[in-house]
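Me: I'd like to go through this structure with you. Can you take a look and talk me through the aromatic contacts and a sheet?

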Amino acid sequence: MNTNLFKQLTIACAGFTLSLAAIPANPAQAASFSFNTGSPDGKIATASRPSSPGKVEIETGDDFILSQQTKITKATFTGLLTNGATLADIQNVIVEIYRVFPKDSQNPPDGKVPTRVNSPSDVALASRDSSSGLTFNTTLINSNFTAANSVINGINPIPNQTTGGEGSVSGQEVQFNISFDDPFSLPADHYFFVPQVAVSGGDFLWLSAPKPIVSPGTPFNPDLQTWIRNEPLQPDWLRIGTDIVAAAPFNASFSLEGTTSVPEPQSTSGLMLVALGLGWMMRNKKKLPVL
């Protein structure tokens, strides 16, 4: 190749490379995220608590979907304090995030429940509690709220899973307002939100919300149903509506807030630099000698 031609091509490539290098990187913009299943509908209240002396652990979970990487910074959930318990009797609050079976799970399952399809996984993906990772305050909404049915003790493996529930239950309706000091950073996926509340002298029961979700809630698809398990049933879960109550599926009352990461479009100045670099190459190409 002609030496002068080689030099000019080298200069042209260098100029184009400098133009590309001058384009600013695409920083991620934070967009707000929110999700809400709606206020309690009074249909059912289900236990969700850590283990304590004389009480086995019970977990109730309801699902949500993230379409992109999301940092969850706040949450709320609403339930009953029963058997005379008040806000002063709350000892600990736990929030767990589960993925959908078969992730984080033994597969195939052990066959103690009718199905594990669309259930929470065997083990939690992440957890925060009020001793480390979250802070909370409470709002008393109603001093005497009644749910038409409940699930507390009747959580059994097959063939005794269908109990019909344990009847109506009343208590103080309380909203828990959570701030995650250590936010959950979650990729796009389908998840279950599992809150637990330790209460001395009573119980916390999570209240159901409308299914399907209605405005001002946040409908999504597929919207699964609430699942529950106690310590003896672990790692399996039962569907509260389909398996235990033999009724229509339920949602649970909760909300989430946070931010998502959205790539910023290329800047106009960066694109102009690329155009200038290409123009420089084309202009100098006309001056190159022919071999």
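Me: How many aromatic pairs does a search of the whole structure find?
Reply: The search finds 15 aromatic pairs, where rings of Phe, Tyr and Trp (its six-membered ring) pair if their centres lie within 6.5 Å, and planes under 30 degrees apart count as stacked, over 60 as edge-to-face and the rest as tilted. This is a predicted model, in which local features need pLDDT of at least 70 and side-chain atom pairs count only at pLDDT 80 or more, while totals for chains, interfaces and linings use all residues. Residues are numbered from 1 along each chain as its sequence is written, and side-chain values use heavy atoms, with hydrogens and water left out.

Me: What about phenylalanine 35 and phenylalanine 254, how are their planes set?
Reply: Their ring centres are 5.5 Å apart with the planes at 50°, so this pair is tilted. Phenylalanine 35 sits in strand E1 (residues 28-36) and phenylalanine 254 in strand E15 (residues 254-263), 219 residues apart; strands are DSSP runs of E, at least two residues, numbered from the N terminus.

Me: And phenylalanine 193 with phenylalanine 254, what kind of pair is that?
Reply: That pair is stacked, because the centres lie 4.7 Å apart and the planes are at 5°.

Me: Is phenylalanine 193 buried or exposed?
Reply: Phenylalanine 193 counts as buried, at 1% relative accessibility, where buried means under 20% relative accessible area, exposed over 50% and partly exposed in between (1.4 Å probe, protein chains only).

Me: Switching to the sheet, what is the strand order?
Reply: The open sheet of six strands runs E6-E5-E10-E3-E12-E13 with antiparallel pairing, and two strands pair if DSSP finds at least two bridges between them.

Technical notes: Helix = DSSP H or I, 4+ residues; strand = E, 2+ residues; numbered from the N terminus.
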